[in-house]
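Dear colleague,

Please find the structure below, together with its sequence. My notes on it follow, and I would be grateful if you could read them beside the model.

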Amino acid sequence: MTHDPTHLKILRELLTGQLLGVLGTHHDGEPYTSLVGFAATPNLSGLLFATGRATRKHANLVADARASMLVDNRTNRPADFTEAAAATAVGLVEEISADDRPLFDEIFLAKHPHLESFVRSPSCVPLRLQVSTYMVVTRFQHVIELHFD
């Protein structure tokens, strides 16, 4: 990954400090967004989340694995225009393999222990957004791209 230490620090703080992200998918050219609990892998190359197999977001991802996720730290105050930061992750989503499931559970449930019964249910699909690029926005319009090789 190509990175600037300052922006990498901001990104890491966003990804560790926030519980929810907005997942962007699409179907037949129509955008679709969903609020999801997520956890970042230690090297930030993946964003882990889970969904039910019968959801629209899962159907969209099966049809086209391209997705994005927005994570931000806004507080819904005017100061957000100068103080808030946001990161958009872009990449492909893949289902977690049986071999990778223990690591998924360890990382995801450490951040979201309240979701354990959901994650362990037979209808739940554990997923990873394999990030190719992060766009980190600070000070309302200062944008830096962080790329994974």
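Asn 60 touches Thr 25, His 26, His 27 and Tyr 32, leaving aside residues up to four places away in sequence; contact here means heavy atoms within 4.5 Å. Asn 60 belongs to helix H2 (residues 56–63), where helices (H or I, at least four residues) and strands (E, at least two) are DSSP runs numbered from the N terminus. With a relative accessible area of 3%, Asn 60 is buried; buried means under 20% relative accessible area, exposed over 50%, and partly exposed in between (1.4 Å probe, protein chains only).

The model is a predicted one, in which local features need pLDDT of at least 70 and side-chain atom pairs count only at pLDDT 80 or more, while totals for chains, interfaces and linings use all residues. Residues are numbered from 1 along each chain as its sequence is written, and side-chain values use heavy atoms, with hydrogens and water left out.

Nonpolar cores

A nonpolar core is taken as a set of buried Ala, Val, Leu, Ile, Met, Phe, Trp, Tyr and Cys residues joined through side-chain atoms within 4.5 Å. The largest has 27 residues, of which Leu 11, Leu 15, Leu 47, Phe 49, Met 69, Leu 129 and Tyr 134 touch the most other members. At least two residues of this core come from each of helix H1 (5–17), S2, S3, strand S4 (66–72), strand S5 (86–95) and strand S6 (124–138). S6 gives the most, with six residues. Contacts of Leu 47, not counting residues up to four places away in sequence, include Leu 15, Phe 38, Met 69, Ala 89, Leu 129 and Tyr 134. A second, separate core of 10 residues has Ala 50, Ile 96, Ile 107 and Val 119 among its members.

Helices H4 and H5

In helix H4 (residues 101–111), the buried residues are Phe 104, Asp 105, Ile 107, Phe 108, Leu 109 and Lys 111. They pack against H1, S2, S3, helix H5 (116–119) and S6. Ser 117 lies in helix H5 and counts as exposed, at 62% relative accessibility.

Positive phi values

Two residues deserve a check of the backbone. Asp 28, which is not a glycine, has a positive phi of about 50°. Asp 28 sits in the loop between strand S1 (20–27) and strand S2 (30–40) and is exposed, with a relative accessible area of 68%. Leu 44 also has a positive phi, near 65°, and is found in the loop between S2 and strand S3 (46–52). Leu 44 is buried, at 2% relative accessibility.

The second largest pocket

This pocket has a volume of about 160 Å³. On a 1 Å grid over the protein atoms alone, a pocket is an open set of points where a 1.4 Å probe fits, with protein on both sides within 12 Å along at least five of seven lines, and lining residues have an atom within 4 Å of a point. Grid points are joined across faces, edges and corners, and the volume is the space filled by probe spheres set on them. The lining has 14 residues, of which Ile 10, Asn 73, Glu 83, Ala 85 and Thr 138 lie nearest the centre. H1 and helix H3 (80–83) are the elements that give two or more residues to the lining, and H1 supplies the largest share, five residues.

With kind regards
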